[in-house]
Amino acid sequence: MSRSLDKDVLDNLKAEDPTKVYKDIAHVLTSLPNNGGLLDIELLGKAHPLEPGVNYLQDENAIAIPKLRLTQAFFVAHRIIQQHLKSQSRVANNETLAATAVALLMDPEHLTAANIRKRFVLSRLDEANQAETVLRHEKQFLDSLLTARLHRHTKSPTLWSHRRWLIDRCKTKTWTIDWRRDFSSVIMVAAERHPRNYYAWHHARWLTSSGRYQLDQSTLSSIVDDVKDWCFRHHNDISGWTYLSFILSKLEDMDAQLRKRSATFAETLQLSESFRWTNESVWVFLRTTVARNHVSPELCDSFFELNRKLSVLTPDGTAKMPLEAALRWVAQHR
C-alpha cells in the first residue's frame, strides 16, 4: 500500500474523529478466533466505500478494512505508541499492544511496534499460566499478517524476522507445533500470495536446517509431498522449486531419499511433457537433480529425451534449451 495520500483523503482525515475508527479496527485485530484459525485480512480501496460509521466488514475469519479507515486508525495508534515510549515503561499494556497491531497492519516494517510486542511476550514467559497463551496469541496474530492478502506483508523482512524470534521462544517453552500444518497454512500461503517469496522460503529453510527443531523423518517426508504439490500448482516459481530440491536433501535415510527424489523427478518429467513446461524454474530443478546424480540412468535418458522433444516443439515455437546445451550444462555441474 502506498504511503502517499491524496488531497481529498487528507481532507477526509481532518474532517472526522478517528478515535472510534481506531477502537473498531483495534478490536477486530485483537479479537482472534478462539479455534486458533487465522484472520484473512484485505484492504478496500475507493471503489468499495462503506456506510458512515461502518469501519470494517467481517465474515467469520475474513476481514476487509478500507484503506482510509486504516490510515485514520494509524494516526491514533502512532500517538499511543509515542506516549508509551515517552513513559519509558519497559512493558506495554493491552492498549499499547492493540496500537502495535494497527501499526503493523498499516506498515509491516514498523520496527518499533514489533519490538514492543517482543518485550511484551518476554515479560509473560516467566509466568507459567500465561506463557503458552501469549505465545499462541502472538503467533496467531503474526501469521494472520504474513498470510494476509497484502503484498508488502507477505514478503516483509521485519515480520518474518519477528516470526523467527517467536519460534525460538516457543522452543524454549517446549511448545509442540504441528510443523506440517505450519508449512502448509503459513509459509506456502504467503508464498502463493506473493510469488517468488524469498523470505517465506528462507524461513522454511531455517526451520528445516537450524537443528533446533529436529523434525522427524515422517514429518519431513510429508512436507516434501506438500511442497512438491505446491510446486506443481505454481510451476513457474523458482523459489518453491529451489526449496523442494533443498528439503529432499534433508531426508536422512539415503534409500528413502533416493526413492523420493526419483518419484518426484519422474512425476515432474511426466507433467512437463503433458503440459509442455519449458519455463526455467522447472528445468533448473530437473537439470540440477540430474547433474547431482540423484536419479537412475533410465530417468536421465527420459530427461534427455524430453529435452529433445521440447527443444523441437515448444508452446511458443522456440527452444528453451537445446539438447547439446543441456548436455554441456550437466557435464559442467557434475
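**Helix packing, sheet and single residues**

Me: Which residues of H13 meet Ser221, Val224, Asp225, Lys228 and Phe232 in H11?
Reply: This is a predicted model. The contact joins helix H11, residues 217-233, to helix H13, residues 254-275. On the H11 side it uses Ser221, Val224, Asp225, Lys228 and Phe232, and these meet Lys260, Thr264, Glu267, Thr268 and Leu271 in H13.

Me: How many residues of the contact of H11 with H13 are charged?
Reply: The contact residues include Asp225 and Lys228 from H11, and Lys260 and Glu267 from H13. Sorted by class, the contact of H11 with H13 holds three nonpolar and three polar residues, and the charged ones number four.

Me: Are H11 and H13 roughly parallel or roughly antiparallel to each other?
Reply: The axes of H11 and H13 lie 12 Å apart, at an angle of about 10°. H11 passes H13 in a right-handed crossing. Angles under 35 degrees count as roughly parallel. H11 and H13 are therefore roughly parallel.

Me: Is the crossing of H13 and H15 left-handed or right-handed?
Reply: The axes of H13 and helix H15, residues 297-312, come within 11 Å and cross at roughly 20°. That makes the two helices H13 and H15 roughly parallel. As for the hand, the crossing of H13 and H15 is left-handed.

Me: How many nonpolar residues does the contact of H13 with H15 have?
Reply: From H13, the residues Ser262, Phe265, Ala266, Leu269, Ser272 and Glu273 take part, and they meet Leu299, Ser302, Phe303, Leu306, Lys309 and Leu310 in H15. Two residues of the contact of H13 with H15 are charged and three are polar, while the nonpolar ones number seven.

Me: Is H9 roughly parallel or roughly antiparallel to H10?
Reply: Helix H9, residues 179-193, packs against helix H10, residues 198-209, with the axes 9 Å apart and an angle of about 160°. Angles over 145 degrees count as roughly antiparallel. H9 and H10 are therefore roughly antiparallel.

Me: How many nonpolar residues does the contact of H9 with H10 have?
Reply: H9 gives Trp179, Asp182, Phe183, Ile187, Met188, Ala190 and Ala191 to the contact, and H10 gives Ala200, Trp201, His203, Ala204, Leu207 and Thr208. By class, the contact of H9 with H10 has one charged residue and two polar ones, and its nonpolar residues number ten.

Me: Which strands stand at the edges of the sheet?
Reply: The sheet is open and mixed, with its three strands in the order S1-S3-S2. Neighbouring strands in this sheet are turned by 15° against each other on average, direction ignored. Each edge strand has a single partner, so one side of it is left without a neighbour in the sheet; the edge strands are S1 (40-44) and S2 (57-59).

Me: In S3, which residue is the bridge partner of leucine 43?
Reply: S1 and S3 pair in the parallel sense, over five bridges. In S3, the bridge partner of leucine 43 is isoleucine 65.

Me: Which residue in the turn of the hairpin of S2 and S3 has a positive phi?
Reply: S2 runs antiparallel to strand S3, residues 62-66, and three bridges join them. Among the bridged pairs, aspartate 59 has alanine 62 as its partner in S3, and glutamine 58 stands opposite isoleucine 63. S2 and S3 form a hairpin with two residues between them, and the turn residue with a positive phi, about 55°, is glutamate 60.

Me: Is threonine 96 buried or exposed?
Reply: Threonine 96 lies in helix H4, residues 94-106. Leaving aside neighbours within four places in sequence, threonine 96 is in contact with Ile80, His84 and Ile116. Buried means under 20% relative accessible area. Threonine 96 has 4% relative accessibility, so it counts as buried.

Me: Is glutamine 88 buried or exposed?
Reply: Glutamine 88 is in the loop between helix H3 (67-87) and H4. Glutamine 88 is not a glycine, yet its phi is positive, about 60°. The cut-off for exposed is over 50% relative accessible area. At 69% relative accessibility, glutamine 88 therefore counts as exposed.

Conventions:
Residues are numbered from 1 along each chain as its sequence is written. This is a predicted model: local features need pLDDT of at least 70, side-chain atom pairs count only at pLDDT 80 or more; totals for chains, interfaces and linings use all residues. Side-chain values use heavy atoms; hydrogens and water are left out. Axes are lines fitted to C-alpha atoms, for helices over the stretch in contact, and angles run from 0 to 180 degrees between N-to-C directions. Helices (H or I, at least four residues) and strands (E, at least two) are DSSP runs, numbered from the N terminus. Angles under 35 degrees count as roughly parallel, over 145 as roughly antiparallel, 65 to 115 as roughly perpendicular and the rest as oblique. A crossing is left-handed if the near helix is turned anticlockwise from the far one by less than a right angle, and right-handed if clockwise. Contact means heavy atoms within 4.5 Å. Ala, Val, Leu, Ile, Met, Phe, Trp, Tyr, Cys and Pro count as nonpolar, Asp, Glu, Lys and Arg as charged, and the others, Gly among them, as polar. Two strands pair if DSSP finds at least two bridges between them. Buried means under 20% relative accessible area, exposed over 50%, partly exposed in between (1.4 Å probe, protein chains only).
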